[in-house]
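Please consider the structure shown below with attention to its side chains.

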Amino acid sequence: VTEAQEVGRDFSALHSAKSKTYIYKLHHSKIPDPFLRRYSWHYEYALQLAPMREALGYIVGEHDFKSFCQTGAQVESTVRTIYSVEVEEQGENDLVIRVCGNGFLYNMVRIIAGTLLDIGQGKRDPMDIFTILEAKDRSAAGPTAPAHGLTLVKYEFL
């Protein structure tokens with residue numbers, strides 16, 4: 001904790017957030033690293049970063065992300081705004097997907113990560129993001145990436 005302050009009674013940590021930032025870490029190698037197994041997804045398949053980065057631009061903005069929400073989640077609205085999303089290489093074998101938005105649906109970042117990996121493998125085209133968003137159907141998006149690669153790294157309040 002780097003700072004604390006008193007807030008009003010109407011404050012809600014869940015509903016007063018201006019933005020949240022998540023990262024999803026992948027360790028890309030033929031052999032898993034046992035020290036990273038709890039904090040990143042070991043992914044041994046070759047990835048093309050250019051198509052993944054192209055797809056990122058189609059995710060940014062206000063969209064109905066119903067296709068990127070776990071089936072059965074009970075929410076009033078599936079419309080969310082993504083402020084930024086990026087894929088960055090860290091070192092020789094690590095890849096980080098960073099997503100910042102005004103809120104996220106259940107498993108949304110993990111589904112985005114799984115869909116981006118499909119695009120990086122060539123299983124999908126970057127333009128498929130438009131079709132996935134329009135479908136408003138969970139089965140249109142890629143797989144849900146494992147939980148152990150996901151970390152909430154920043155929470156900003158109003």
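The paragraphs below treat aromatic pairs, salt bridges, and selected valine residues in turn. The model is a predicted one.

Across the whole structure, a search finds eight aromatic pairs. One of them joins Y43 and Y45: the ring centres are 5.6 Å apart and the planes stand at 75 degrees, so this pair is edge-to-face. The assignment follows because planes over 60 degrees apart count as edge-to-face. Y43 has a relative accessible area of 6% and is therefore buried.

Together with V7 and F11, F157 makes a nonpolar surface patch of about 240 Å². V7 is situated in the segment before β1, the strand that spans 17-28. With a relative accessibility of 46%, V7 counts as partly exposed.

The charged side chains come next. The count of salt bridges comes to five. Among them is the bridge between R98 and E86, with an N to O distance of 3.6 Å. This pair links distant parts of the chain, since R98 belongs to strand β5 (residues 94-101) and E86 to strand β4, twelve residues apart. R98 counts as partly exposed at 27% relative accessibility, and E86 counts as partly exposed at 33%.

A second example involves D118, which is placed in helix α2 (residues 108-121). Is D118 buried or exposed? D118 is buried, because its relative accessible area is 11% and the limit for a buried residue is under 20%. The side chains of D118 and R124 meet in a salt bridge, with 3.2 Å from N to O. The side chains of D118 and R124 are also joined by a polar contact of 3.2 Å. When neighbours within four places in sequence are left aside, D118 is in contact with K123, R124, G142 and P143.

Another salt bridge connects K154 with E156, whose closest N and O atoms are 4.0 Å apart. K154 is partly exposed, with a relative accessible area of 45%; E156 is partly exposed as well, with 28%. Both residues take part in a network of salt bridges that links K18, K154 and E156.

V79 counts as partly exposed, its relative accessibility being 36%. Which residues does V79 touch, not counting those up to four places away in sequence? They are E62, H63 and D64. The C-alpha atoms of V79 and L105 are separated by 9.0 Å, although these residues are 26 residues apart along the chain.

Definitions and conventions: Residues numbered from 1 in each chain as written. Predicted model: local features only at pLDDT ≥ 70, side-chain atom pairs only at ≥ 80, totals over all residues. Heavy atoms only, no water. Phe/Tyr/Trp six-rings, centres within 6.5 Å; stacked < 30°, edge-to-face > 60°. Buried < 20%, exposed > 50% of the residue type's maximum accessible area, 1.4 Å probe, protein only. Helix = DSSP H or I, 4+ residues; strand = E, 2+ residues; numbered from the N terminus. Polar contact = N/O pair within 3.5 Å; in protein donor to acceptor, adjacent residues only side chain to side chain. Contact = heavy atoms within 4.5 Å. Patch = residues over 30% accessible without salt bridge, like charges linked within 9 Å, V, L, I, M, F, W, Y side chains within 5 Å. Areas by Shrake-Rupley, 256 points an atom, 1.4 Å probe, with all protein chains shown as cover.
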